[in-house]
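Hi,

Here is the structure I promised to pass on. Have a look at it first, then read my notes below.

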Amino acid sequence: NKINSRVDFRTHANPLEFESGRHVVDMASSNGIKAVSIFAREQVLPYYRELIDYGLKNEVEVFTGVETLSIINDKPVELICIGFDPKKIISENLFSSRKSNMKIAKLQKDFLELKGFDFSRIQNPEDKTMLSFVMSGTVGEKAIRFCQILARDDSQSRMSDLIIENAELWKKVLEIYSKVDSYKDDPLKMKAKFLYLLYFDVKKEGFEYVSDRFDEYIPNIGTLISTIHDANGVILYSPEGDFNSEIWDKLLAEDIDGIMGWHGASLGFESERRDIPIEVIKACVRKKLLILGGSDFNNGDWRLGSGLDNKLYMNKRRLDDLNRKLLQRQ
């Protein structure tokens, strides 16, 4: 029974709102999903302990998680960390500490001001509060917050100019996100996503501006993997439709634990949409590496446990695989 035996190892919550994480657990519980890993980007959720306890009360196993980046062969690589001891990770300052967040936020804000945006004109009280949170270093996902604030400010005519100047990117955003429930009726979220992809996606101008001025921005792959392993967790390559064999070979040499074979909408190795070579999947099975994945659920963007088109199913036996691997790390 697919519906009653699912797990979802790629969900997201707002690090500023425990209710956001609790909503993930509630959705999992109501949909018969037995286990979830809940992420923030570049930071451990500050309420992870409460979330694990809340999951236990609702018969949902909750795993700690972080979505992060590294650079291999001058290419950006998405990585997923699951099941680690959060206290060890926090003490190592592996991901953005509050001090680092403040430095990065200042650089991102400087970049946007160089591009013609004026944060002194922000009038919305909620946006002013969010801006203060971002600048104080309490938010891990900084760039998208800046983009959301600017998209909601009608006085920022620069946004309209950028959409005209980058018509192809705007068309792409409309094509993709018009299918997503929480975007299709919200033009401001569309604009924020557009601005983020234009400037702060990996290797884009804003991303490079920050990384050139802040050398702690991207963790070294060897350090990243060894630190997660020392904290009894696992780390997986997340190609997201852009599998690279050279990067995979490098990650195998660094003792990666497996690959995220599911992401968002479909199985990553279905014959009609294969982005991960079937030989890689077979090799993972032979070597007993993990093959995990999930819906990319983020406050309703995708269906928890099902992805975009209700076609994504991860059987509960993947939970057994994960628990077995985590036991090996202890």
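This is a predicted model: local features need pLDDT of at least 70, side-chain atom pairs count only at pLDDT 80 or more; totals for chains, interfaces and linings use all residues.

Where does valine 44 sit? It is in the loop between strand 2 and helix 2. Leaving aside residues up to four places away in sequence, valine 44 touches Val66, Phe84, Pro86, Ile89 and Ile90.

**Two glutamates with positive phi**

While you are in that loop, look at glutamate 42, which also lies between strand 2 (33-41) and helix 2 (48-57). Its phi is positive, about 60 degrees, although glutamate 42 is not a glycine. Is glutamate 42 buried or exposed? It comes out as buried, since its relative accessibility is 14% and the cut-off is under 20%.

Glutamate 59 is another non-glycine residue with a positive phi, near 60 degrees. You will find glutamate 59 in the loop between helix 2 and strand 3 (61-72). Here the relative accessibility is 71%, so glutamate 59 counts as exposed, the cut-off for that being over 50%.

**Helix packing**

Next, the helices. Two packed helices are described by the angle between their axes and the distance between the axes.

Start with helix 4 (residues 98-114) and helix 11 (residues 205-213): their axes come within 10 Å and cross at roughly 135 degrees. Why call this pair oblique? Angles over 145 degrees would count as roughly antiparallel and 65 to 115 as roughly perpendicular, so helix 4 and helix 11 are oblique to each other. Their crossing is right-handed. From helix 4, the contact involves Ile104, Leu107, Gln108, Asp110, Phe111 and Leu114. Helix 11 brings Glu205, Gly206, Tyr209, Val210 and Arg213 to that contact.

Then there is helix 8 (residues 167-177), which packs against helix 10 (residues 187-199) at an angle of about 130 degrees, with the axes 10 Å apart. Helix 8 and helix 10 are therefore oblique to each other as well, and helix 8 passes helix 10 in a right-handed crossing. On the helix 8 side the contact is made by Leu169, Trp170, Val173, Leu174 and Tyr177. The residues on the helix 10 side are Met190, Lys191, Lys193, Phe194, Leu197 and Leu198.

**Cysteines**

How many disulfides are there? The count comes to zero, with the rule asking for a pair of cysteine sulfur atoms within 2.5 Å. As for individual cysteines, cysteine 81 is buried at 0% relative accessibility, and cysteine 284 is buried at 1%.

**The chain as a whole**

To zoom out: the chain has 15 helices and nine strands. Of its 330 residues, 53% are buried. The accessible surface comes to about 15600 Å², and carbon and sulfur atoms account for 46% of that. If you take the contacts between residues at least 6 apart in sequence, 72% of them join residues at least 24 apart.

Cheers

Note on methods. Residues are numbered from 1 along each chain as its sequence is written. Side-chain values use heavy atoms; hydrogens and water are left out. Helices (H or I, at least four residues) and strands (E, at least two) are DSSP runs, numbered from the N terminus. Buried means under 20% relative accessible area, exposed over 50%, partly exposed in between (1.4 Å probe, protein chains only). Contact means heavy atoms within 4.5 Å. Accessible areas come from the Shrake-Rupley method with a 1.4 Å probe; for residues, only the protein chains shown count as cover. Axes are lines fitted to C-alpha atoms, for helices over the stretch in contact, and angles run from 0 to 180 degrees between N-to-C directions. Angles under 35 degrees count as roughly parallel, over 145 as roughly antiparallel, 65 to 115 as roughly perpendicular and the rest as oblique. A crossing is left-handed if the near helix is turned anticlockwise from the far one by less than a right angle, and right-handed if clockwise.
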